[in-house]
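Here is a short walk through a structure that may be new to you. Keep the view open and follow along.

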Protein chains: 2
Amino acid sequence: MTAVKIIRSANQMQEEANRLRSGGKTLALVPTMGYLHEGHLSLMRLARQRADILVVSIFVNPTQFGPGEDLASYPKSFERDVQLAGNEGADFIFAPSEKDLYPDGFQTYVTLQELPGYLCGRSRPVHFRGVATVVTKLFNIVKPHTAVFGQKDYQQLVIIRRLARDLNFDIDIVGSPTVREPDGLAKSSRNLYLTPVQRRDALCLYQSLQNAQAMVTEGVTDTARIVDRTKLLIQSCPEATVDYISLCDPETLKNVDTIKGPVIMALAVKIGKSRLIDNAILNP
Amino acid sequence: MTAVKIIRSANQMQEEANRLRSGGKTLALVPTMGYLHEGHLSLMRLARQRADILVVSIFVNPTQFGPGEDLASYPKSFERDVQLAGNEGADFIFAPSEKDLYPDGFQTYVTLQELPGYLCGRSRPVHFRGVATVVTKLFNIVKPHTAVFGQKDYQQLVIIRRLARDLNFDIDIVGSPTVREPDGLAKSSRNLYLTPVQRRDALCLYQSLQNAQAMVTEGVTDTARIVDRTKLLIQSCPEATVDYISLCDPETLKNVDTIKGPVIMALAVKIGKSRLIDNAILNP
């Protein structure tokens with residue numbers, strides 16, 4: 001393990017990227033908002049295999065939080081993050097200041113017309129504009145050959161694939177499987193906020209996906225039946241409130257009424273104050 | 001003069017750019033919509049001095065034309081353009097198809113929040129979104145070190161500088177001075193549509209700028225007086241109708257009431273069916 005190098009300025013990161021590319025090196029980027037957990041580390045391990053140089057960005061991006069969302073309270077643990085990323089073989093941590101990425105007069109945003117209108121985008125109207133914009137910036141700063149994103153944030157992954165294609169980014173976008181606790185709960189920085197009772201109820205997301213796959217395997221094709229059954233399951237958990245349950249096309253995210261091929265089941269559930277998401281491909 | 005190479009696909013252009021960059025070459029891009037005139041050629045000459053490889057793109061970008069604008073009738077002269085660009089030392093002509101740049105499902109746009117609200121953006125509401133999007137795409141496809149744009153399209157130049165800064169494009173944006181006919185009319189593909197009488201009246205744009213500089217030199221600082229005098233001058237030309245006359249900050253494009261330092265005077269005038277633009281810096 002070599003020492004990980006911390007870079008704070010976009011210009012300096014760009015110079016490093018230019019130097020490495022000129023030397024024939026390939027770069028992989030794992031963008032994060034810090035407070036790293038096993039899910040992030042699995043992205044790094046995948047990225048590590050794909051390129052000579054691994055860059056992990058740590059930046060809590062203000063433009064992807066709406067008013068009243070948890071920007072101010074988003075957990076931070078920078079020293080620990082550096083240690084963890086270093087253990088996974090990261091060569092660079094890119095951790096810019098907000099002022100560096102959003103200077104005075106900043107006014108340019110990357111927007112998608114359709115994909116942000118589904119799933120999480122419905123309750124978070126500015127979220128994906130912020131994600132698309134900061135990812136575009138990170139792509140131009142780090143100049144990676146490969147960028148790795150978690151399948152847990154499925155809508156984000158679909159949006160970034162589309163953005164990369166539409167804006168002709170010469171970058172391989174890789175989706176990495178969701179990492180789970182032994183009982184099935186998807187790893188998330190937001191799990192930190194759960195009380196023991198909430199932690200138990202949080203399992204309803206994973207159970208909903210398992211249950212839905214079982215129904216599909218038994219031959220159910222009517223997605224309304226699956227949604228109804230899922231609602232009942234989640235309502236049986238006192239701390240849980242459904243935000244959305246969607247069975248949709250894996251690429252366009254449009255709702256599917258009758259299952260004929262693989263569909264994505266995605267759901268968001270509020271557990272206490274935390275909004276948790278999960279998803280799975282359901283195969284008939 | 002070496003033969004200019006014509007490239008029709010974004011992927012192929014990207015491969016050439018990667019190959020050239022790996023070989024240590026620098027690239028300059030001159031984006032055009034074809035129908036090249038002396039103005040474009042002057043951009044190429046400037047770009048030619050700035051890099052090892054000159055790429056000229058020729059693409060009539062549909063997303064920057066609003067409904068009822070002149071997309072369908074925009075003049076084309078591809079063979080002649082190739083010849084002219086070749087004479088200026090272009091190494092590559094990048095001339096993609098519409099389908100290649102805007103595939104099925106395309107939905108990602110680059111938008112600026114403030115700068116497109118001024119000058120030409122007021123009467124062309126989707127124009128600069130289309131420009132910002134296609135320029136972002138061309139930057140990612142051609143991967144230039146330098147890109148050259150005409151100062152004649154002043155608002156476009158300011159928008160692209162801001163976009164490049166906001167999205168962290170590692171590209172030097174160069175503005176090239178307006179090329180004029182001997183009598184002062186700015187060169188434009190749209191001059192082609194002018195009758196001899198209109199051609200005479202079209203000179204009112206340049207005369208307005210000259211007259212305004214004379215007023216400023218004489219000590220006039222109240223921009224309203226300059227705008228009023230300019231309106232009278234343009235109204236005296238039977239074929240001319242004012243679209244806008246603006247004296248504004250060179251960077252933010254916000255209106256200036258009292259001239260204290262350099263301001264941009266920009267104007268758009270309809271001459272017959274053609275909408276012509278021009279601008280100049282006025283120095284007190």
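Two strands count as paired if DSSP finds at least two bridges between them. Keep that in mind for the first stop. The model is a predicted one.

Start where the chains meet. Strand β5 of chain A, residues 108-112, is joined to β5(B) by five bridges. The two strands run antiparallel. Within this pairing, A:Y109 stands opposite B:T111 of β5(B).

Now widen the view to the whole contact. Chain B brings 23 residues to it, and chain A brings 23 residues. On the side of chain B that touches chain A, the elements giving two or more residues are α1 (10-22), β5 (108-112), α6 (127-142) and α7 (154-166) of chain B. The largest share of that side comes from β5(B), with five residues. What classes of residue make up the side of chain B that touches chain A? Ten are nonpolar, eight are polar and five are charged.

Which residues of α2(B) are buried? They are B:G39, B:H40, B:L43, B:M44 and B:A47. A residue counts as buried if 20 or more other C-beta atoms lie within 10 Å of its own. Look down the axis of α2(B): the buried residues fall within an arc of 140 degrees, so they line one face of the helix. An α-helix has 3.6 residues a turn, so residues three or four places apart point the same way.

The buried residues of α2(B) pack against several elements of chain B. These are β2 (27-32), β3 (53-58), α3 (78-87), β6 (146-150) and β7 (172-176). Turn to the face of α2(B) that points away from its buried side. There you find the exposed residues B:E38 and B:Q49.

Last, go back to chain A and look at its domains. Domain 1 covers 5-176, and domain 2 covers 189-278. The C-alpha centres of these two domains of chain A lie 27 Å apart. Where they touch, 13 residues of domain 1 are in contact with 13 residues of domain 2. On the domain 1 side, α5 (120-123) and α7 (154-166) of chain A each supply at least two residues. That side of domain 1 divides into eight nonpolar, three polar and two charged residues.

Terms used: Residues numbered from 1 in each chain as written. Chains lettered and ligands numbered in written order. Predicted model: local features only at pLDDT ≥ 70, side-chain atom pairs only at ≥ 80, totals over all residues. Contact = placed C-beta atoms within 7 Å. Helix = DSSP H or I, 4+ residues; strand = E, 2+ residues; numbered from the N terminus. Nonpolar A, V, L, I, M, F, W, Y, C, P; charged D, E, K, R; others polar. Buried ≥ 20, exposed ≤ 12 C-beta atoms within 10 Å, placed from the backbone. Arc of directions from axis to C-beta. Domains from an automatic or database assignment.
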